[in-house]
Amino acid sequence: MSVILVSAAWASLACAQNVRSSAGEAGPVFSDSGPDADVYGAAEGYPIGTRGTTTQLDKLVGVYSHFGEIFPSRPIGHATTPWQFKRAPEPSISYSFGKERFSIADYLKRNPVTGLLIARDDTILYEHYQYARTDHDRFLSQSMAKTLVSMLMGIAVSEGRIKSIDDPVSTYVHGLAGTEYGNTSIRALLNMSSGVEFSEVYDGHDDIARLGRALFVEPTKDPAAVVAQFNTRIAPPGTKWHYASVETEILGLVLRSATGTPVADYLHDRIWNAIGTEADASWAIDGSGQEIAFCCFNATLRDYARLGRLLANDGAWEGRQLIPRQWLLDATTVRPVDGHLAPGVATPYMGYGYQVWLLPGAQRRFALLGIRGQVILVDPASKLVMVHTAVRQKPSEPGALREPLALWSAVLQQLGQ
């Protein structure tokens, strides 16, 4: 309850449209409104709701900034010594979309963004919040959490806890021995190329809905038994890309078994503390206490930006290599033998690495993505990072990324020098 009260207090301080944190100084900007604010529950103060109302439109803003309080979650403490971003005056940013030219202010008026932050290496250039959200709110990652799992896998490999990503899953998760997923390599799961059938279309009746109910709603079960129900192979491993959140869930089980440590604690000890995070985070857990690895990590916008900076620097932080550099390169590059993962092949636009989306083009750029508009975009060459949290009305819709990517393209062109 104390977190909710603090958030409410900050929201009341930021109740006026576009209020800057300190008059005349570079800093976060807050707004109590946003596109379709009434639909999102503005009149009721953007209510949080309950576990049974998390998909109602008038609860989305509250849910996506208080998820860790609605569902059981493992806390992840902030850094012992926080690292602070520098700040620069906001740049003028404009972008083309369709046949029109828009400003970044127009972007916020057109899109249900709860938070938007742009940073170049150690300097924040732009930080805006809508719908009475503030820099104290912890925003739900959805599937952006998948990339966290991948990075932790790389660390576990470097520590010798995982011998090889070409090992079958059953080497580490004995409960999957004899199943199709148990007989699949870790690498194939990292690349979402297991060949095991799993439907994820977000219609409430697909396999991801079944998985979610088993982990979030139903009585406690062994999570290995939960994922073992998906046991029909339709393609050889490592030959066809197919998005399946259950594969990240299995990677979480591998991590827990290999390290002997809860995934959230491993994240804290290897990354979260080391990058100087300023706020506590949390990760949702199932009834057995296992982190729900494919989603549901919660953090502040600036701490997501710290994570983005770590990735932009290929796993290095202030001279210390936290994630093996070669792992980052492998995770964000398609091997010649893995043509099915390439941009334009895996999907009509993006490719896929180790639980991370790859942008087309000669320059190595990548993205963390989550339903309803959660995005972290990373350009290692310029060290530009864009963090975007949102509450789109549909979980997934064709073309939803076009405008954020148009803005990102303009950011790279105008600020990437």
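The radius of gyration used in these legends is taken over C-alpha atoms, and the globule rule it is set against is 2.2 Å times the number of residues to the power 0.38.

**Figure 1. Overall view of the protein chain, a predicted model.** With 417 residues, a compact globule would have a radius of gyration near 22 Å, and the 20 Å of the protein chain agrees with this. Along the principal axes, the C-alpha atoms fill a box of roughly 60 × 45 × 45 Å. The secondary structure comes to twelve helices and 18 strands, where helices (H or I, at least four residues) and strands (E, at least two) are DSSP runs numbered from the N terminus. Of the 417 residues, 58% count as buried, a term that stands for under 20% relative accessible area, with exposed meaning over 50% and partly exposed in between (1.4 Å probe, protein chains only). Among contacts (heavy atoms within 4.5 Å) with a separation of 6 or more, 66% are accounted for by residues 24 or more positions apart. Residues are numbered from 1 along each chain as its sequence is written. In this predicted model, local features need pLDDT of at least 70 and side-chain atom pairs count only at pLDDT 80 or more, while totals for chains, interfaces and linings use all residues; side-chain values use heavy atoms, with hydrogens and water left out.

**Figure 2. Close-up of the open sheet S3-S10-S11-S9.** Four strands form this sheet, and their pairing is antiparallel; two strands are said to pair if DSSP finds at least two bridges between them. Strand S3 (73-76) and strand S9 (139-140) stand at the edges with a single partner strand each, so one side of each is left without a neighbour in the sheet. S3 pairs with strand S10 (residues 281-284) in the antiparallel sense over four bridges, and the bridge partner of Arg 74 in S10 is Trp 283. Helix H10 lies across S9 and strand S11 (297-299), running at about 110° to S11, where axes are lines fitted to C-alpha atoms, for helices over the stretch in contact, and angles run from 0 to 180 degrees between N-to-C directions.

Figure 3. Arg 306 counts as buried, because its relative accessibility is 0%. Its side chain makes a polar contact with the side chain of Glu 278 (2.8 Å), a polar contact being a pair of N or O atoms within 3.5 Å; within protein, one must be able to donate a hydrogen and the other to accept it, and residues adjacent in sequence count only if both atoms are side-chain atoms. A polar atom of the Arg 306 side chain also lies 2.5 Å from the backbone oxygen of Trp 83. Not counting residues up to four places away in sequence, the residues that Arg 306 touches include Phe 85, Ile 275 and Trp 317.

Figure 4. Val 113 is buried, with a relative accessible area of 1%. Although Val 113 and Val 391 are 278 residues apart in sequence, they are 6.5 Å apart in space, C-alpha to C-alpha. Leaving aside neighbours within four places in sequence, the contacts of Val 113 include Tyr 107, Tyr 131 and His 388.

**Figure 5. Close-up of the hairpin of S5 and S6.** Strand S5 (residues 94-97) and strand S6 (residues 100-103) pair in the antiparallel sense over four bridges, and Phe 102 in S6 is the bridge partner of Tyr 95. The hairpin has two residues between the strands, and Gly 98 takes a positive phi near 65°.
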